[in-house]
Amino acid sequence: MTAKIAYDDVEVGTELPAQSFPVTRATLVRYAGASGDFNPIHWNEKFAKEVGLPDVIAHGMFTMAEAIRVVTDWTGDPGAVVDYGVRFTKPVVVPNDDEGAVIEVSAKVAAKLDDSTVRVDLTATSGGQKVLGMSRAVVRLA
């Protein structure tokens, strides 16, 4: 695959289409099975509260993976992401109800770099709080 976005067609400030990602307890159980991360803070409300959390929280790597989907959907090629990093600032709290939580992600091109690459800065929030800080990806475009 190759990125479907051309480097020459992108300017600093270009906004990527924002997306919302629902997260339920069932989502977390499926992710735990796929990742092998069965830490009880991600599925056991009693345990999560005993260790000082407000409720069950989403896996940090799950949150990070959902956020980068905004970039991979935009480029059309997950392999176009050459670097990606975040700081976990707040947990995504997932209540035990039919709605769960929602991770809201927006992104924009922050810099045009060498070798047909751009830096994309992402903003991820849940429950009105920023859940990822310094969320940045370097992406190779066509």
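I looked up the buried residues of helix 1 (residues 25-35) and found R25, T27, L28 and A32, where buried means under 20% relative accessible area, exposed over 50% and partly exposed in between, with a 1.4 Å probe and protein chains only. They cover an arc of only 150° around the axis, so they lie on the same side of helix 1; the arc is that of the directions from the helix axis to the C-beta atoms. The model is predicted, so I note that local features need pLDDT of at least 70 and side-chain atom pairs pLDDT 80 or more, while totals for chains, interfaces and linings use all residues. Residues are numbered from 1 along each chain as its sequence is written, and side-chain values use heavy atoms, without hydrogens and water.

On the face turned away from the buried side of helix 1 I noted the exposed residues R30 and A34. The cover over the buried residues includes strand 1, helix 2 (45-50) and helix 3, with contact meaning heavy atoms within 4.5 Å. Helices (H or I, at least four residues) and strands (E, at least two) are DSSP runs numbered from the N terminus.

Next I turned to the open sheet, whose 5 strands have the order 1-3-4-5-2 with antiparallel pairing; two strands pair if DSSP finds at least two bridges between them. Strand 1 (15-23) and strand 2 (81-88) stand at the edges with a single partner strand each, so one side of each lacks a neighbour in the sheet.

I then followed strand 2, which 6 bridges join to the antiparallel strand 5 (residues 129-140), and found Y84 opposite A137 in strand 5.
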